[in-house]
Amino acid sequence: MSTPRPSLDRVEPAGPSRRGVRDWIGLLRDRAALVVHRLVAEQRNRTGAHERILRQANGHVAILTYHRVLEDRAPTEGIEPGMFVFRSTFEAHLTALKRRFHLTSLGSVLKAPLSPSDAPMAVITFDDGWRDNMTVAWPVLARHEVPATIFLTSDYIKGGGQPDSEFMGETDVRRLARYGIEFGAHTVSHPRLTNISTLAAEEEMRRSKEMVESLTGRTCDLFAYPFGDHDAAVCRIAGSIFRGSVIVGHGWWRPGGDRTRIPRVAIHDDMTRVPAMFMERLVAAFDSTPPPV
Ligand SMILES: [Zn+2]
């Protein structure tokens, strides 16, 4: 049986690696946009704009979405830019976060009441269950003593775990759970939940929750919608099964917000390779956070 391959969770347009279409004008435009982004980010970092915005972020939580963490200089042909960061980029992210944020787990954020005066918090999450989360990301997380949450797609884990697999296997999940990694559910087959019946959507959620619980021996009350795809009906189901369900985009989490639509910030290597760009990504997301209702 071939390993199932996930589609993307990202919601932004494809970046420069989609060269099959040979859109060289688009490629140059993307490159130019990155250069401009970097210049703006460095300028705003130098002039203290990032620090000023972060001072307004007390009582808020930046929940970061990662997928894969690749070894530096690993080939990236065929991997969408939105799907990976390199190890050194990831390490730089953790170093930057530890300087300015209180790093915690998603479960802790949802359990503990936060006060508006609390320092800004950050949470690291990974979607799908890629094997490099264990082989590349985990040693970095452990060295920095940073907690993380991994959302597992059951079918990928069932087919994973071999040396040539792209996904973790059941033994890998058990091991990381013992090391303190928090696991959430990400459906069985990674469908767009708004494209299937509510009955099927509920089945996808319940069965993936059961798999995570059977592997970790702990209650699984966190969920990530594949592709961030959700509507009112899907959110209602998720709310009846999980304590908290995360989407993609829509800024930072403000405790007291809708727990069936917890926002996250998508993190890509190309947009966050230098610390100023990473911080720009985070503060721009904070600026886009909708006001409380
Ligand atoms: Zn996914």
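Analyst: Helices (H or I, at least four residues) and strands (E, at least two) are DSSP runs, numbered from the N terminus. This is a predicted model, in which local features need pLDDT of at least 70 and side-chain atom pairs count only at pLDDT 80 or more, while totals for chains, interfaces and linings use all residues. Residues are numbered from 1 along each chain as its sequence is written. Just after helix 8, Gly 217 takes a positive phi of about 70°.

User: How do you know what span is expected of helix 8?

Analyst: The expected span of a helix is 1.5 Å times one less than its number of residues. Helix 8 (residues 198-216) has 19 residues, and its reach of 27 Å from first C-alpha to last is close to the 27 Å expected.

User: What makes Thr 194 exposed, partly exposed or buried?

Analyst: A residue is buried if 20 or more other C-beta atoms, placed from the backbone, lie within 10 Å of its own, exposed if 12 or fewer, and partly exposed in between. Thr 194, in the loop between strand 7 and helix 8, has 15 other C-beta atoms within 10 Å, and is therefore partly exposed.

User: Which residues does Thr 194 touch?

Analyst: Two residues are in contact if their C-beta atoms, placed from the backbone, lie within 7 Å. Not counting residues up to four places away in sequence, Thr 194 touches Asp 229, His 230, Asp 231 and Val 234. The C-alpha atoms of Thr 194 and Asp 231 are separated by 6.5 Å, although these residues are 37 apart along the chain.

User: Why are the buried residues of helix 8 said to line one face?

Analyst: The buried residues of helix 8 are Ala 201, Glu 204, Met 205, Ser 208, Lys 209, Met 211, Val 212 and Leu 215. Seen down the axis of helix 8, they fall within an arc of 160° (the arc of the directions from the helix axis to the C-beta atoms), so they line one face. The face turned away from that buried side carries the exposed residues Leu 199 and Ser 214.

User: Why is Arg 73 counted as exposed, and what is its phi?

Analyst: Arg 73 has 9 C-beta neighbours inside 10 Å and therefore counts as exposed. This residue, in the loop between strand 2 (68-70) and strand 3 (84-86), has a positive phi near 70° and is not a glycine. Most residues other than glycine have a negative phi.
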